[in-house]
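Here's a quick briefing to read alongside the model. Have the sequence and the 3D view open as you go.

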Amino acid sequence: MSAAHTGVPSVLAHELPRPVPADELAACPAGDVFRRVGDKWSVLLVILLGGRPHRYNELHRAVEGISQRMLTRTLRGLEADGLVRRDVHPTVPPSVEYSLTPLGRGLLEPLSALADWAVRNAPEINEARSRHRAGADDGPAPAP
């Protein structure tokens, strides 16, 4: 029976070997996607492009603090992963527009679920961080 029918989250459906081999971790498709969406700018760009296509300079103006180099690198990575499409229009000068591919659009739903979870649990997370900081001020934790 699949994890979807047992109430077990899919990430827990299979036991991980201990220790987790580095080559398995590197080859894991989920880990690869987590690395992409876990970087500083990718999720923000996917969300912006989820609203509508943007030209490069529109994106650069829309994201405070991102350098042109980092915007270019992030867009190229998203394009290489098949999440973003780059369309060059034959104008003088050439204009470039970025949009989400169907695969990129498919990422919006799980990103929305994660964002909803984060907003819903932000007070509890912030409280845990406060407790942790307060405990860290007391010195090192005792050995188990």
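Does T74 count as buried or exposed? At 4% relative accessibility, T74 counts as buried, where buried means under 20% relative accessible area, exposed over 50% and partly exposed in between (1.4 Å probe, protein chains only). Bear in mind that this is a predicted model: local features need pLDDT of at least 70, side-chain atom pairs count only at pLDDT 80 or more, and totals for chains, interfaces and linings use all residues. Residues are numbered from 1 along each chain as its sequence is written, and side-chain values use heavy atoms, with hydrogens and water left out.

**T74 and its surroundings**

- T74 is found in helix α5 (residues 68-80); helices (H or I, at least four residues) and strands (E, at least two) are DSSP runs, numbered from the N terminus.
- Setting aside its neighbours within four places in sequence, T74 is in contact with R36, W41, S42 and L45, contact meaning heavy atoms within 4.5 Å.

**The sheet**

- Three strands make an open sheet in the order β1-β3-β2, and the pairing is antiparallel.
- β1 and β2 stand at the edges with a single partner strand each, so one side of each is left without a neighbour in the sheet.
- Strand β1 (residues 54-55) pairs with β3 in the antiparallel sense over two bridges; two strands pair if DSSP finds at least two bridges between them.
- A hairpin joins β2 to β3 through five residues.
- Five of the six residues of strand β3 (residues 95-100) are buried, so β3 is largely enclosed by the rest of the structure.

- α3 lies across β1, β2 and β3, running at about 95 degrees to β3; axes are lines fitted to C-alpha atoms, for helices over the stretch in contact, and angles run from 0 to 180 degrees between N-to-C directions.
- What about its helix partner? The axes of α3 (residues 42-51) and α6 (residues 102-136) come within 10 Å and cross at roughly 110 degrees.
- That makes α3 roughly perpendicular to α6 (angles under 35 degrees count as roughly parallel, over 145 as roughly antiparallel, 65 to 115 as roughly perpendicular and the rest as oblique).
- The α3 and α6 crossing is left-handed, which applies if the near helix is turned anticlockwise from the far one by less than a right angle, with clockwise giving right-handed.
- On the α3 side the contact is made by V43, V46, I47, L49 and G50, and on the α6 side by G104, R105, L107, L108 and L111.
- Those contact residues divide into seven nonpolar, two polar and one charged (Ala, Val, Leu, Ile, Met, Phe, Trp, Tyr, Cys and Pro count as nonpolar, Asp, Glu, Lys and Arg as charged, and the others, Gly among them, as polar).

**Cis peptide bonds**

- The peptide bond from R18 to P19 is cis, with omega near -10 degrees, and P19 sits in the segment before α1 (22-27).
- V92 and P93 are joined by a cis peptide bond, with omega about -10 degrees; P93 is found in the loop between β2 and β3.

**V11**

- V11 has its place in the segment before α1 and is exposed, with a relative accessible area of 63%.
- V11 and E79 are 68 residues apart in sequence and 27 Å apart in space, C-alpha to C-alpha.
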